[in-house]
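This report covers selected strand pairing and helix packing in one model. Please have the sequence and structure at hand.

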Amino acid sequence: MRSHTRHVSPCFCILLVLISTTIANDIDKNGLGLEPQDGDKLVDENGGLKDIPVSVTLTKGSYHWAFSIMDSSRLSTFAIAILLIVYGSFRSLNMDHENSLKENSKDINQEAATFQTINTTQAICLPIGASLSLLFMFFFFDSMQVVFAICTAVLAASAFAFLMLPLCQYIMRPCSTPNKLSFGCCGRFTPAELLSLCLSTVFVSVWVCTGHWLLMDALSMGLCVSMIALLRLPSLKVSCLLLSGLLIYDVFWVFFSSYLFNANVMVQVATAQADNPVGLLARKINVASAKNAPQLSLPGKIVFPSFDSRDPGNDRFSMLGLGDIVMPGLLLCFVLRYDNYKKRKLEESADAPPPGRLIYRLRYFHCTLIGYFVGLVTATVASEVNRNAQPALLYLVPFTLLPLITMAYIKGDLKQMWNTPFTTTITTRFIEV
């Protein structure tokens, strides 16, 4: 059976480097972290009693971090990160199934999806490339911010079109045709693909004009899903090399960059805002209505505002870098494909797992996903306790890799997963989860 994998293209390498600016922390108007507030006194200047407040603000000695985890922005970030990983992983598995159907069909007009496979050399070199990209953005962001904004908008439009494609296929199903429309050197597209591309272009245009955080989040979600679904980790060895290298990269640039560059490089790049290309063009041609276009926060992160009623004037955001979603998401996509492969092998051989032990019934995907959630919570607690930016991969990588390796060793699958986990291409559209 013909394989549909090839090496990572330059476009995907650039996109991987750009989203590797990972950080997890809170942002407010006064900077990183929140200062504790003094409690209100219940006695006024005349010796009388004040009205008892409806809510009481905890002092510095209280466990403020425990309540901060339950903040709406935190919960929203956790939920979105997990949903994006699960959806992207199953989207990739479904694309495998569609490729198998297209290979078995006689229709030569159907083209199979192409996946990008990360090999060992690329996994080792990726953290180095990400570091060089981070330094380039740190030193030249002010002078090239419009170029960064335009390139990011183009990549985000393509990724969001991929995210919207299943919905467009469902809408266009009654009137769609299997034949693709040719646009010369631009390629051949189905009506559903054209519709998703048009919707994505309109969506990005609205984001450029408004700069709203919700639209930026939607574009970031498209980037996450497309990366998880289209990129492939071929083995557990490559996964460990990639995640370990990115862990070192994340820790160095968050904790130690300030000693070399007198600034936290990771934080500064992640929170930088670019000039709006629309505003720049309006100033060139003297269009007064568009001169005050808002600055753009590039879609390299997921942000959610806090709706804390105790402090309505504080613009506090919870932020999670795309690298903290995509990189563990690639590992979860790999273990989901392996779970599917093992399930089909058991069905063919009619062998049942040893009964009575939970670990043999627990899937690798479940174990790794639980570890990812625990890692997110741990990173959040560390950020609140230390009151500074934390490299999320410092907690996500151990909490995902170590349980997976331990479970594979106990089940006896570690050697196969480490080198050649997939000996044959066997896919199914649905898997019991």
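Which residue in strand 11 is the bridge partner of Lys301? The partner is Gly321. The model is predicted, with pLDDT of at least 70 required for local features and 80 or more for side-chain atom pairs, while totals for chains, interfaces and linings use all residues. Residues are numbered from 1 along each chain as its sequence is written, and side-chain values use heavy atoms, without hydrogens and water.

Strand 10 (residues 301–305) and strand 11 (residues 317–321) pair in the antiparallel sense over 5 bridges; pairing needs at least two DSSP bridges.

Helix 10 (residues 323–349) packs with two helices, as tabulated.

| Pair | Angle | Axes | Crossing |
|---|---|---|---|
| Helix 10 and helix 12 (residues 364–386) | roughly 165° | within 8 Å | right-handed |
| Helix 7 (residues 236–261) and helix 10 | about 165° | 11 Å apart | left-handed |

Helix 10 is therefore roughly antiparallel to helix 12 (an angle over 145 degrees). Helix 7 and helix 10 are likewise roughly antiparallel.

Contacts (heavy atoms within 4.5 Å) of helix 10 with helix 12 include Leu332, Val335 and Tyr338 in helix 10 and Phe365 and Tyr372 in helix 12. The residues of this contact divide into 11 nonpolar, 1 polar and 2 charged. Between helix 7 and helix 10, the contact residues include Leu243 and Asp250 in helix 7 and Met327 and Phe334 in helix 10. That contact has 9 nonpolar, 1 polar and 2 charged residues.

How values were computed
Axes fitted to C-alpha atoms, helices over the stretch in contact; angles between N-to-C directions. Helix = DSSP H or I, 4+ residues; strand = E, 2+ residues; numbered from the N terminus. Parallel < 35°, antiparallel > 145°, perpendicular 65-115°, else oblique. Left-handed = near helix turned anticlockwise from the far one by under 90°. Nonpolar A, V, L, I, M, F, W, Y, C, P; charged D, E, K, R; others polar.
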